[in-house]
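Good morning, everyone. Please have the sequence and the model on your screens.

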Amino acid sequence: MIKIQSLLSFSLAIIVSLLFSTTTTLSQLSPATAPIQPTLPAPTTPAAAPKPLVPSLPESPSDSTPDTAGTVDIVGILRKAKAFNVFIRLMKTTQLINQLNSQLLATKTGGLTILAPDDSAFSGLKAGFLNSLSDGQKLELLQFHVISDYVSSSNFDTLTNPVRTLAGDKPGKVELNVVSYGGSVNISTGEVNTTINGIVYTDKRLAIYKVGKVLLPMDFFSVAKAPGKAPSLAPEPSTDSAKAPKPDKDTSSDSSQVINPTEDKSSSVKIVYGKFVSLGLVLAFVMIMMQT
């Protein structure tokens, strides 16, 4: 029995030593652990550009267009859009296009924003309206469509009303009010309400937007008050009081036939006296004839 226990103990010791040697060999044969690499921060996504409030028209450049406003051809841009022939003609006849080009060349900061009505907007005007305007009024009408600053398609909600245009500052006459909400831009002049329908062109200094109607300023519709009638020095008599009442013919004839009592008595005395004189003369004549 003691021999069996000694044999089992010896066998267990051999098995343990074999297991230990196998574990050491496997650990030596296993590859070295790769060094832990530091985790890199995830790249940050750039902030999205503000969403424009007005849609772009076909072939319209975006706000990322290079800044070339110093040499931009405004007429060429509008002519390429093929819907602004009347607006182009008016800019040429009033020479506004020369003013805009000079201002773009001279301005180092800021810029211009043109609200361009298309041909269909001009056709909606009253017949003969443009021909009834003087050259100065036509120039003022076009200047009223130009904001004297660059406004990107996503910054209309930052404007302060009334918005200043090239037409100048005339409170109540050439005021332009811009309201943006719900992804649209509404424009009001006091006479016309319309919206911006799309972007024709935009870079960093010049923006051209299409509007649905011609922007008519209140200045064209202010009617001067008619001068009041000058006060007369003396109140004019009324017709009834001015004309003296004409006497009635029947009344005047009746009044002429009225007998005065005093005149009646004197005439009666004269008649009686005349009768006595006549009678005396007759008696005297008879007596003379009898004597002869």
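This is a predicted model: local features need pLDDT of at least 70, side-chain atom pairs count only at pLDDT 80 or more; totals for chains, interfaces and linings use all residues.

Residues are numbered from 1 along each chain as its sequence is written, and side-chain values use heavy atoms, with hydrogens and water left out.

Back to the strands. Helices (H or I, at least four residues) and strands (E, at least two) are DSSP runs, numbered from the N terminus. Two strands pair if DSSP finds at least two bridges between them. β5, residues 193–202, pairs with β6 in the antiparallel sense, over five bridges. Another of the bridge partners is K210 in β6, which faces G198. Three residues join β5 to β6 in a hairpin.

Now the other neighbour. β4 and β5 are also antiparallel, over three bridges. S188 has N193 in β5 as its bridge partner. These two strands form a hairpin too, with four residues between them. Look at G190 in that turn: its phi is positive, about 95°.

How buried is β5? Buried means under 20% relative accessible area, exposed means over 50%, and partly exposed is in between (1.4 Å probe, protein chains only). Seven of the 10 residues of β5 are buried, so the strand is largely enclosed by the rest of the structure. S184 lies in β4, residues 184–188. S184 counts as partly exposed, at 27% relative accessibility. Its C-alpha atom is 7.3 Å from that of I196, 12 residues apart along the chain.

Zoom out to the sheet. What is the strand order? The sheet is open, has six strands, and runs β2-β1-β6-β5-β4-β3 with mixed pairing. β2 and β3 (177–181) stand at the edges with a single partner strand each, so one side of each has no neighbour in the sheet. Helix α4 packs on this sheet and touches β1, β2 and β6. The direction of α4 makes about 155° with that of β1. For that angle, axes are lines fitted to C-alpha atoms, for helices over the stretch in contact, and angles run from 0 to 180 degrees between N-to-C directions.

Stay with α4, residues 96–106. Which of its residues are buried? They are L96, I97, L100 and L104. The face turned away carries exposed L105 and A106.

Next, α3. Its buried residues are V86, F87, I88, L90 and M91. They pack against α2, α4, β1, α5 and α6. After α3 comes Q95, with a positive phi near 60°.

Last, the cores. A nonpolar core is a set of buried Ala, Val, Leu, Ile, Met, Phe, Trp, Tyr and Cys residues joined through side-chain atoms within 4.5 Å. The largest has 36 residues, and I74, L78 and I208 have the most contacts inside it. α3 gives the largest share, five residues. Another core, of 19 residues, lies apart from it, and includes F144, V174, V178 and I196.

Technical notes. Contact means heavy atoms within 4.5 Å.
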